Amino acid sequence: MTALLEAVGVVKRFGGLTAVDGVDIEVAPGEMVGLIGPNGSGKTTLFDCLSGIQSIDGGSVSFDGVDITRRRPHQVARLGMARTFQLIRIYRDLTVLENMELSTQWAGVGLRDLFRRADAATRRKGEDLLEFLMLGPMRDEPAGTLSGGQRRLLEIGMALMSDPRLVLLDEATAGVNPSLVEDIKDRLRAVNSGKGVAFLLVEHNVQFVADLCERVVVLDAGSKLADGTPGQIMDDPAVIEAYFGAAGRARQTNAGDAGGNGTGAGP
Amino acid sequence: MRALTQWLAGGRGLAATRVAVAAVLAWLIVLPLVGATDSTMFTMTLMFTSVAVAINWNLTGGFTGYVDFGHAVWFGLGAYVTAILMSLQANSLGIGWPPVPAIVVGAVVAGALAGLIGRATMRLRGPYFSIAMLGTFVAVREIVRTWGGLTGGGVGLTLPPYLNRQLFYYVELVLVVGLVALTWWLRRTRFGAALVAIREDELGAQMRGISTTRLKVAVFSFAGASTGLFGGLWAYQNTFVDPDIAFTEVRTIDAIMGTLLGGLGTVAGPVVGSVVLYWLREVLWANLLDYHLVAQGVLLIMVVLLMPRGIVGAFDRRGVSARRLWRFRRRQADDQPEKVTAP
């Protein structure tokens with residue numbers, strides 16, 4: 001199968017620091033891929049390189065057969081790649097529904113559309129998605145009044161508004177309480193199986209990744225350390241060393257319940 | 001206060017607001033016909049000018065979130081291009097164009113230059129953009145002063161006088177009303193919403209497919225052209241321009257103060273704020289001659305501290321707080337995720 005997203009040998013340097021050091025990554029249409037790694041391993045920087053926010057110093061990125069290595073973020077978005085951010089980016093002074101309406105697909109929006117209001121179909125789509133994400137009652141509230149977890153949901157909704165073929169999710173569960181994490185998981189799965197949307201997700205919640213993804217890529221110090229099924233990754237000694245450190249080694253000797261309750265990285 | 005806010009936002013309040021707007025408009029239309037003096041009409045025309053400049057400033061500063069400290073540069077450019085084209089003096093082109101094409105060309109030049117300069121300066125955010133525009137303002141003024149062969153240098157240029165106050169009054173009234181209608185409509189389009197998205201989170205807007213550079217430069221260029229148009233009209237009425245009266249910081253400061261007082265990022269804010277500021281200054285000047293600017297400054301500080309959303313902003317949630325003028329600094333602190341609940 002041809003890949004939807006294909007990045008080859010991506011390099012990104014900040015001065016003397018090589019944040020991403022020749023990473024290859026592929027996502028097939030409709031696939032759910034996890035991207036994990038310790039803090040500072042280059043996950044978010046890789047996201048920034050894939051989505052055009054950072055220009056890359058080496059390698060190439062293509063999406064749906066189109067070379068997007070030098071494309072700007074809005075051009076990448078118009079091809080059908082959406083993303084969410086680790087530090088949530090919503091339009092806080094606009095209502096929840098307005099946030100959604102503004103996030104529709106901008107490809108093919110001509111001058112004439114630019115000077116019109118959002119149409120009824122867009123509005124309905126926004127409302128439906130908000131219902132789906134349990135944000136229906138909040139739709140006329142300013143987005144700035146939402147709680148942290150609701151902001152995550154809204155950002156996911158905004159990413160889905162453009163009918164993307166791939167969504168890059170940057171820590172969709174950070175700061176979200178465990179019951180809502182389950183809800184997010186169900187909804188991502190539904191979007192994936194129902195609409196065939198592919199996801200690439202950066203996560204510290206290993207259980208979340210293991211439950212959702214067929215394939216997991218591990219980054220460490222800017223390089224790809226491993227690429228395989230969640231099971232293979234959990235058993236990979238190099239991954240355990242890099243990702244779980246000493247705690248991981250201890251856990252491995254304790255009847256192998258690695259990642260049992262969504263352990264985060266770090267101490 | 002809250003009850004009043006809700007009443008004004010509700011159906012009956014809206015109807016009352018409409019009646020009030022219609023009454024004010026009717027009064028403005030008949031004013032010259034019921035024997036207003038030339039001096040009254042001139043004062044009113046200057047007020048229309050300051051309202052228009054504030055509306056234009058609000059397009060970039062209030063809606064799009066690019067706080068421009070040099071907006072008056074477009075006013076001066078419009079004024080000077082008009083003066084150069086109309087003037088018959090030997091030290092200018094001496095072509096003596098009629099006023100309408102001269103003023104229109106002035107606006108077009110101001111808009112085109114705003115597009116070019118905005119393209120460069122709008123890469124900057126927050127205070128950096130503000131300072132870059134202040135620098136642009138000073139640089140252009142000094143170029144005009146130095147380029148004596150074209151601009152008359154520090155001596156300035158004289159325009160053929162045409163002192164029909166009533167005509168200027170009506171022309172500017174129509175233009176200001178048109179400008180208000182235009183912003184009201186723009187605010188409701190996808191374009192207007194995208195501008196607000198740029199203000200709220202420019203990178204987020206890009207990542208959702210909005211070509212932010214194109215849109216923000218377009219609105220900046222439009223604001224420049226519109227302010228340039230009023231600059232040209234002013235030059236014609238004033239019959240004389242020199243670098244220091246055509247390019248004066250006060251015009252930028254008044255636009256910012258009027259917009260803050262009325263409500264940043266609202267449609268009616270710059271109108272209400274500029275009118276209040278204009279008459280307030282007259283009152284302060286008449287009563288506290290030596291201290292009127294001090295009093296005005298204190299008032300502005302009080303507005304930012306006590307009423308940061310301005311007069312209109314109190315009723316219109318689309319407004320922005322003046323404390324968030326340069327909001328990009330606050331992102332990090334604001335967006336810290338909530339504490340994770342332990343499983």
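## Basis

Residues are numbered from 1 along each chain as its sequence is written, and chains are lettered from A and ligands numbered from 1 in the order in which they are written. The model is predicted: local features need pLDDT of at least 70, side-chain atom pairs count only at pLDDT 80 or more, and totals for chains, interfaces and linings use all residues.

## The sheet of chain A

Chain A holds an open sheet of six strands, ordered 6-7-8-3-9-10, with mixed pairing. Strands here are DSSP runs of E with at least two residues, and helices are runs of H or I with at least four, numbered from the N terminus. Two strands pair if DSSP finds at least two bridges between them. Strands of a sheet pair through backbone hydrogen bonds, either parallel or antiparallel.

Strand 6 (81–83) and strand 10 (223–228) of chain A are at the edges. Each has a single partner strand, so one side of each lacks a neighbour in the sheet. On average, neighbouring strands of this sheet are turned by 15° against each other, direction ignored. Strand 9 (residues 215–220) and strand 10 of chain A are antiparallel, with five bridges. In strand 10 of chain A, A:S223 is the residue opposite A:D220.

Helix 1 (residues 43–50) of chain A lies across strands 3, 6, 7, 8 and 9 of chain A. Helix 1 runs at about 150° to strand 7 (166–170) of chain A. Axes are lines fitted to C-alpha atoms, for helices over the stretch in contact, and angles run from 0 to 180 degrees between N-to-C directions.

## A hairpin in chain A

Strand 1 (residues 5–14) and strand 2 (residues 17–27) of chain A run antiparallel, joined by eight bridges. They form a hairpin with two residues between them. A:G15, in the turn, has a positive phi of about 60°. A:A7 faces A:I25 of strand 2 of chain A.

## A:N99

A:N99 belongs to helix 3 (residues 96–101) of chain A. A:N99 counts as buried because it has 31 C-beta neighbours inside 10 Å. The cut-offs are 20 or more other C-beta atoms within 10 Å for buried, 12 or fewer for exposed, and in between for partly exposed, with C-beta atoms placed from the backbone.

Beyond its neighbours within four places in sequence, A:N99 is in contact with A:I90, A:Y91, A:L94, A:A143, A:L154 and A:M158. Contact requires C-beta atoms, placed from the backbone, within 7 Å.

## Chain B

Chain B has 17 helices and two strands. Of its 343 residues, 47% are buried. The domain assignment, automatic or from a database, gives domain 1 (1–35) and domain 2 (38–249) of chain B. Their C-alpha centres lie 29 Å apart.

Helix 9 (residues 190–200) and helix 11 (residues 212–238) of chain B pack at about 105°, with axes 10 Å apart. They are therefore roughly perpendicular, a class that spans 65 to 115 degrees; under 35 is roughly parallel, over 145 roughly antiparallel and the rest oblique. B:F191, B:A194, B:L195 and B:I198 of helix 9 meet B:T212, B:L215, B:K216 and B:V219 of helix 11.

## Where the chains meet

In all, 26 residues of chain B are in contact with 37 residues of chain A. Helix 9 and helix 10 (202–207) of chain B are the elements giving two or more residues to the side of chain B that touches chain A. Helix 9 of chain B gives the most, with seven residues.

Technical notes
Two residues are in contact if their C-beta atoms, placed from the backbone, lie within 7 Å.
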